[in-house]
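User: Could you take a close look at the salt bridges here, and at one helix pair that a bridge ties together?

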Amino acid sequence: MPIPLWFSVCTGEVWDSGSKKKDITKVARGTTRKRRGLGVPTSRTGIAGSSAPYNSSGLSTSIATDDTQIDPIAPLKSRIPMDDCLVNFDILAYIISLSRCRRTRAVITRTCRFLRQSCSKYLIDETMWFQEEYTMWGFWGWICGDARNRAPFIRGLDFTGFTFHDPKVAGRLLARNLSLLSPFLSISRLTIDDADVFLGSHPDLIPAIAGLTTLTDIALYDVGDNARALLRSSRAALNTVVAEAEIGVPDVRVRPVDTDPTIILASQTRSLTSLTVLRMNVSLQGVRFPKVTCLVLKEMPLPLTRAYVHAFPNLRKLSIFGERWSEDPSESWLTPSFEGNIITSRRWLNMRRQQRRGTWSSLSHYEGSPVALYALGLTFNIPYVSLIDEDETSGDFLIDIQLFQDILLPVCPAHLLISFTGATQFLEEDFFPFLSCLEGLSSLKLTIVPMWLDNIFVDDFLEPCVNTLSGLPCIATFAFFISCAQLSYTYNSQSRRSRNESVVGEPLVTPICPFDASMQGYDFDKFAMRCLGAAPSLHDVVVGLDKHYSIDDVTIRVKRDVDETTHKRSAEVVL
């Protein structure tokens with residue numbers, strides 16, 4: 001049976017069906033006091049759903065010394081009629097939990113002490129994000145007002161984009177709040193942008209954060225001496241760590257050992273399961289992390305596979321993105337010459353050391369740069385492989401059909417994703433025939449990010465896909481996506497230039513290139529159906545186009561279901 005109850009969050013009033021609006025003022029010892037000609041019944045000793053001594057208006061009873069003393073904040077509290085309806089606090093708490101408006105939750109929570117104590121968790125976000133000092137101090141002031149009932153519900157703190165107006169004072173106050181509230185805090189996630197400056201604002205801030213023993217996930221950006229000191233001294237059992245070093249040429253005065261994350265996090269060997277590192281060296285001198293299953297490396301030097309195998313013996317997923325940030329051409333990942341360059345030399349070195357000393361036995365997923373996978377020299381089966389090249393210039397030098405053969409033939413993946421910016425690699429003569437040689441493929445996803453393509457059309461990419469699928473006997477799912485983010489960026493740049501009166505140029509012409517023109521009105525439904533019929537084992541095809549400046553996003557999914565009784569196949573198109 002629905003409860004005949006309506007709330008007016010703007011006035012904090014409660015209405016009961018069939019009753020008039022009433023104004024209630026608390027009085028002492030349950031006496032009845034009339035106001036504005038409306039009688040108020042005597043208060044009761046309790047209320048359903050709670051053992052606390054609340055009266056029937058849902059407010060805690062207050063003791064007055066005489067009949068003239070009135071609660072000064074009574075007009076701000078909820079006014080609940082008591083003729084035929086008794087409001088349960090559990091109902092109010094349930095309404096607060098369902099409300100999406102923070103102001104509504106705050107207004108209802110302020111109606112009584114019980115809701116203020118029990119429903120504070122609905123006023124705290126899963127992760128509190130601070131960008132300005134005044135918002136942070138207002139939040140901590142509210143928390144300190146009832147720390148026992150509010151502080152335990154803080155699960156995460158995010159200081160991305162945060163700046164100190166007065167670093168010394170703000171750092172000291174933040175450190176004091178964290179230290180005083182530490183018995184009540186249960187913070188599990190912490191994100192700090194510009195971590196070295198943030199942590200260096202006051203000497204007490206690093207010990208205060210290091211004393212948060214409930215932390216499990218920490219992300220520090222622009223890591224320096226202060227951030228490394230925090231990671232070394234943290235008393236929490238960390239599960240996930242993200243550490244991104246400062247941008248720029250590394251300080252030659254800092255020893256590589258001092259920046260090795262495996263040495264910095266030596267106290268986390270029993271708990272760490274995921275590590276993301278940017279511009280930090282990993283050496284063989286570090287300790288072992290047997291529980292780490294996910295490792296993400298960004299803009300790292302050329303990988304020494306044996307060092308990673310030693311530090312993370314039970315790795316399951318490895319992701320490597322970007323090239324070395326050193327300005328020395330001899331140390332660059334991407335060199336114009338493929339044969340005899342440093343990458344090939346490092347590949348053979350890694351292969352020999354793995355043959356003698358062993359390699360990973362549980363690695364099942366690789367994601368990232370194809371050049372990095374080539375340099376790692378991995379020659380064992382990896383079921384899931386995602387080759388992502390976000391730099392169109394790198395493909396002009398290194399990524400060719402020979403590189404694909406050296407990478408994919410020894411690895412022999414069952415699930416393959418290839419995503420390239422520029423998309424010229426797909427147009428090589430032997431690219432699609434080579435994919436047909438991977439007979440163990442059960443899932444194939446191709447993503448192209450075209451740029452300015454002259455004399456190239458959509459059919460040049462889509463037609464070879466049909467022939468490739470016909471040569472894959474085990475293929476079950478196929479996906480082809482065209483991301484037009486680069487084309488849209490070019491179009492927007494030209495559009496802004498044409499609107500600029502100070503620049504005299506030709507009027508904006510669309511489509512901007514032949515490839516763009518070939519996408520206008522293309523029948524992607526027909527292509528998806530052709531792909532489905534190319535291979536008998538194929539039962540799921542997805543074709544998509546997104547981020548185009550004029551064409552709406554398109555996602556077409558074609559499925560083939562087998563009826564066990566009639567053994568007939570039917571195709572369903574999902575738009």
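Analyst: Searching the whole structure turns up seven salt bridges, a salt bridge being a side-chain nitrogen of Lys or Arg within 4 Å of a carboxyl oxygen of Asp or Glu. This is a predicted model, where local features need pLDDT of at least 70, side-chain atom pairs count only at pLDDT 80 or more, and totals for chains, interfaces and linings use all residues. Residues are numbered from 1 along each chain as its sequence is written, and side-chain values use heavy atoms, with hydrogens and water left out.

One of the bridges joins E463 to R530, with the closest N and O atoms 2.8 Å apart. E463 sits in helix α17 and R530 in helix α20, so this pair ties together parts 67 residues apart in sequence. Helices here are DSSP runs (H or I, at least four residues), numbered from the N terminus, as are strands (E, at least two). E463 is partly exposed at 29% relative accessibility, and R530 is partly exposed too, at 36%; buried means under 20% relative accessible area, exposed over 50%, partly exposed in between (1.4 Å probe, protein chains only).

Now the helices themselves: α17 (residues 459–470) and α20 (residues 524–534) pack at about 20°, axes 8 Å apart. Axes are lines fitted to C-alpha atoms over the stretch in contact, and angles run from 0 to 180 degrees between N-to-C directions. The two are therefore roughly parallel (angles under 35 degrees; over 145 is roughly antiparallel, 65 to 115 roughly perpendicular, the rest oblique). From α17, L462, E463, C465, V466, L469 and S470 meet F524, F527, R530, C531 and A534 of α20, contact meaning heavy atoms within 4.5 Å.
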